[in-house]
Amino acid sequence: MSRNLILRESQIMKVHYITGVAALFVVAVHILMRLVVPYGSSLEYDHVIFNYHNIFYAVLLEVILVLVSIHGFNGLRVILLELRQSTRWENSVTAATIIAMIGLVIYGTRTIIIANGLGT
Amino acid sequence: MSGADERKITLKVFRANTARSKNTYFELCDVPVQRWTTVLDGLLYAKCFIDPSIGIRYSCRMASCGSCGMKINGIPRLACYTKMSELGGSEVICEPLPNFPIIRDLVTDFSQFFEHHKRVQPYILNQDNHQTDAESSDHRQSPEEVDRFLQFSYCIKCGLCYSACPTVATDLKFPGPQTLGQLYRYYADSRDGGGKDRLNMVDDRHGIWRCHFAGSCSKVCPKGVDPALGIQLLKSYMLGISKNRGK
């Protein structure tokens with residue numbers, strides 16, 4: 001049986017469950033904040049930029065980004081692991097999902113920083 | 001078999017001989033049925049009076065040995081424990097257990113199933129088993145301690161849960177519900193000293209976490225064992241939600 005080098009599968013799944021439950025809460029807060037103003041106008045350009053300039057909202061988006069990326073990419077890893085049973089495939093899938101997760105978090109964080117105006 | 005309430009049911013028996021050819025087909029056998037006739041009785045009638053070449057594995061005829069597992073009308077069941085009259089309809093379809101390689105007809109290969117089972121050391125691990133005197137040599141257990149694992153010790157290793165498991169169907173490295181249920185049976189036993197090492201046996205990429213909790217394993221068990229419960233209890237111990245008393 002193949003072992004994970006850094007974390008045991010139970011530790012990975014613990015992170016998976018915690019990020020899943022935590023994401024439910026922060027996404028709920030995110031949706032409730034959208035409903036503070038009429039839903040249609042909340043998606044207008046000026047309103048979206050205004051939200052990004054609110055530091056609390058920017059932090060909330062960053063938290064959602066990190067939680068959903070970890071939970072989502074680990075879920076994808078779990079699905080792909082079942083497709084084939086070879087150590088090479090398992091290691092490739094694990095490496096690819098970790099790289100994709102880090103890439104998405106970096107790209108998303110960059111977007112949040114630019115829209116927030118912290119970079120200027 | 002004779003009597004006033006006797007009727008005939010058609011057995012559709014899966015036929016295959018993988019050593020000779022890849023062709024498979026169903027053989028139709030009309031067998032007499034009474035209220036108490038089991039599928040195994042019907043198959044043995046067909047083997048005696050219609051086609052002696054039908055391959056079946058069976059032994060005890062009383063749901064104790066777990067040899068006659070097969071897919072009957074689409075559901076994994078023991079042929080000796082399934083009455084034809086209770087299935088309804090005029091046709092009973094007998095196929096080999098899914099998730100097992102076919103040897104011939106209804107006989108499947110259990111090698112991999114038993115390999116998974118052996119890997120979790122399905123016996124009491126106890127280094128402190130020194131028998132000094134009659135008083136201390138007993139591993140006494142309270143009724144509560146026995147209750148924690150008793151239902152899991154009823155497993156007869158028939159493989160029905162393994163054949164019903166959707167994860168086993170896609171992931172051959174997954175130990176399967178029978179193995180995981182037995183792992184829980186020994187982990188929960190107060191006489192066992194395996195402790196965390198037992199949990200580590202199935203804590204890997206193709207281990208216990210690949211269970212999707214479909215629950216079909218518990219549904220098909222002919223002995224009333226609930227492997228899905230054992231798997232969830234093991235997960236709770238691994239996550240630290242539950243603590244195994246005394247370990």
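Helix α5 of chain A covers residues 87–116, and its 30 residues should span 44 Å at 1.5 Å a residue; the end C-alpha atoms lie 43 Å apart, so the two values agree. The expected span is 1.5 Å times one less than the number of residues. Helices are DSSP runs of H or I of at least four residues, strands are E runs of at least two, and both are numbered from the N terminus.

The model is predicted: local features need pLDDT of at least 70 and side-chain atom pairs pLDDT 80 or more, while totals for chains, interfaces and linings use all residues. Residues are numbered from 1 along each chain as its sequence is written, chains are lettered from A and ligands numbered from 1 in the order written, and side-chain values use heavy atoms, without hydrogens and water.

The buried residues of α5(A) include A:E90, A:V93, A:M101, A:V105 and A:I112. Buried means under 20% relative accessible area, exposed over 50%, and partly exposed in between, with a 1.4 Å probe and protein chains only. Helices α3 (45–53) and α4 (55–81) of chain A are among what covers these buried residues. Contact means heavy atoms within 4.5 Å. After α5(A) comes A:G117, with a positive phi near 90°.

Now the rings. Over all chains there are 13 aromatic pairs. Phe, Tyr and Trp rings (the six-membered one for Trp) pair if their centres lie within 6.5 Å; planes under 30 degrees apart are stacked, over 60 edge-to-face, the rest tilted. A:Y17 and B:W209 have centres 6.3 Å apart and planes at 55°, so this pair is tilted. The pair crosses between chains: A:Y17 sits in helix α1 (residues 9–34) of chain A, and B:W209 in the loop between α9 (196–200) and α10 (216–220) of chain B. A:Y17 is partly exposed at 34% relative accessible area. B:W209 is buried at 3%.

B:Y184 and B:Y237 stack, at 6.4 Å between centres and 20° between planes. B:Y184 belongs to helix α8 (residues 177–187) of chain B and B:Y237 to helix α11 (residues 227–238) of chain B, so the pair ties together parts 53 residues apart in sequence. B:Y184 is buried at 4% relative accessible area; B:Y237 is buried at 10%. Ring pairs also link B:F100, B:F110, B:F113, B:F114 and B:Y162 into a cluster.

Chain B has 11 helices and seven strands. Its C-alpha trace spans about 60 × 40 × 30 Å along the principal axes. Of its 247 residues, 48% count as buried.
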